[in-house]
Amino acid sequence: MSPLLAIGREPLQLERLVAAVAREGGADGAIASFLGVVRNHNAGRRVRYLEYEAYEPLAVKVFERIEAETRDRWPGVRLALQHRIGRLEIGEASVAIAAASPHRAEAFAACRYAIERVKQIAPIWKHEFFEGGDVWIEGATADPDDRAARAEAERVACA
Amino acid sequence: MRVTVRLFARLRDIAGASELAREIAPGATIGAVWRELTREFPDFEAYERSISTAVNADYARMDREVRDGDEVAFLPPVSGG
C-alpha cells in the first residue's frame, strides 16, 4: 500500500506513512500518528481474531473526504490514512494514520479527527471471532452529511 | 431494467451472497429495491432504520431513483477502525 489514502490486505507500515506525510524542506514541527490494533477482548468476550471487510471503492472515496475535511479544518495538516482488511490476528494493526503539521496541536487534532470519522462513515466492518462464536460488529449508521456527527468528531479531536 | 445489488457484512451472510442481479421497474428508487429484498430476506427488516445505501460507490439516499446497470449497495452500520 503506497498511496496516502488506501485500503489493502498487506500489513500496515506506520513508518512509511510517517515518512510519506513529512514535507520536504522542514516546514513541519510535528507528526502525530495513530495505530488501531486488534484487542484480545471485547464486551466480555475473548477475541481470537478479526476479519475486516470493506466496500473498497467507496471506502477510498470516504478517506478522500476525511482528508479534505481535515485540511478544511486544519489547513496546514498533511494526512495519511490506511486501513487493512482480511483476517487480522491479535495485536496486528487494522488502521494507521499519520498527520504532519507545523505545530503539534493541529497534528494531534487531525489524527484524532480522522479516526473518529473513519468509525463514523467508512464502509468497513469487523467480523469478530471469539471463544464460543462469531459476531458482526455494528457501530454507527454511516451518513457523511450528518453535521452533528462531524461536529462531535471535531469536538473530540479538540478536547 | 437490471441492477447489481451489493451486500456487506451481516446482510451478505443473511442473503448468502455478496452480489445479486435483480430486475426492477423503471423509475424504481433504492427504497423500492430494498423493499423487494426484505420480501425475499425477511431478516433484512431489522436493518430498515440503520442501513446506509450507495449507488455506483457513492453514498445516496433511499429516495434516489436507480438506473439500468447501476450498482446499488446496502451497508449495515459500520465498524471500521
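Reader: What order do the elements of chain A run in, from the N terminus on?
Author: In this predicted model, they run β-α-β-β-β-α-β-β-β-α-β-β-α. That makes 4 helices and 9 strands.

Reader: Why is chain A called as compact as a globular protein of that length?
Author: The globule rule gives 15 Å for 159 residues. The radius of gyration is 16 Å, close to that value, so chain A counts as compact in this sense. Along its principal axes, the C-alpha trace spans about 50 × 35 × 30 Å.

Reader: How do you know what span is expected of helix α2 of chain A?
Author: The rule is 1.5 Å times one less than the number of residues. Helix α2, residues 56–73, has 18 residues, and 26 Å is expected. From first C-alpha to last, α2 reaches 26 Å, so by this rule the span is close to expectation.

Reader: What makes a residue of α2(A) buried, and which ones are?
Author: The cut-off is 20 or more other C-beta atoms within 10 Å of its own. Leu58(A), Ala59(A), Val62(A), Phe63(A), Ile66(A), Glu67(A), Glu69(A) and Thr70(A) are buried. Of the 159 residues of chain A, 38% count as buried.

Reader: What covers the buried residues of α2(A)?
Author: The cover includes β1, β4, β5, α3 and β8 of chain A. It also includes β3 (52–55) of chain B.

Reader: How many residues of chain B are in contact with chain A, and what counts as contact?
Author: Contact needs C-beta atoms within 7 Å. On that basis, 18 residues of chain B are in contact with 26 residues of chain A. The elements of chain B giving two or more residues to this side are α1, β3, β4 and β5. By class, this side has 10 nonpolar, 5 polar and 3 charged residues.

Note on methods. Residues are numbered from 1 along each chain as its sequence is written. Chains are lettered from A and ligands numbered from 1 in the order in which they are written. This is a predicted model: local features need pLDDT of at least 70, side-chain atom pairs count only at pLDDT 80 or more; totals for chains, interfaces and linings use all residues. A residue is buried if 20 or more other C-beta atoms lie within 10 Å of its own, exposed if 12 or fewer, and partly exposed in between; C-beta atoms are placed from the backbone. Two residues are in contact if their C-beta atoms, placed from the backbone, lie within 7 Å. Ala, Val, Leu, Ile, Met, Phe, Trp, Tyr, Cys and Pro count as nonpolar, Asp, Glu, Lys and Arg as charged, and the others, Gly among them, as polar. The radius of gyration is taken over C-alpha atoms; the globule rule is 2.2 Å times the number of residues to the power 0.38.
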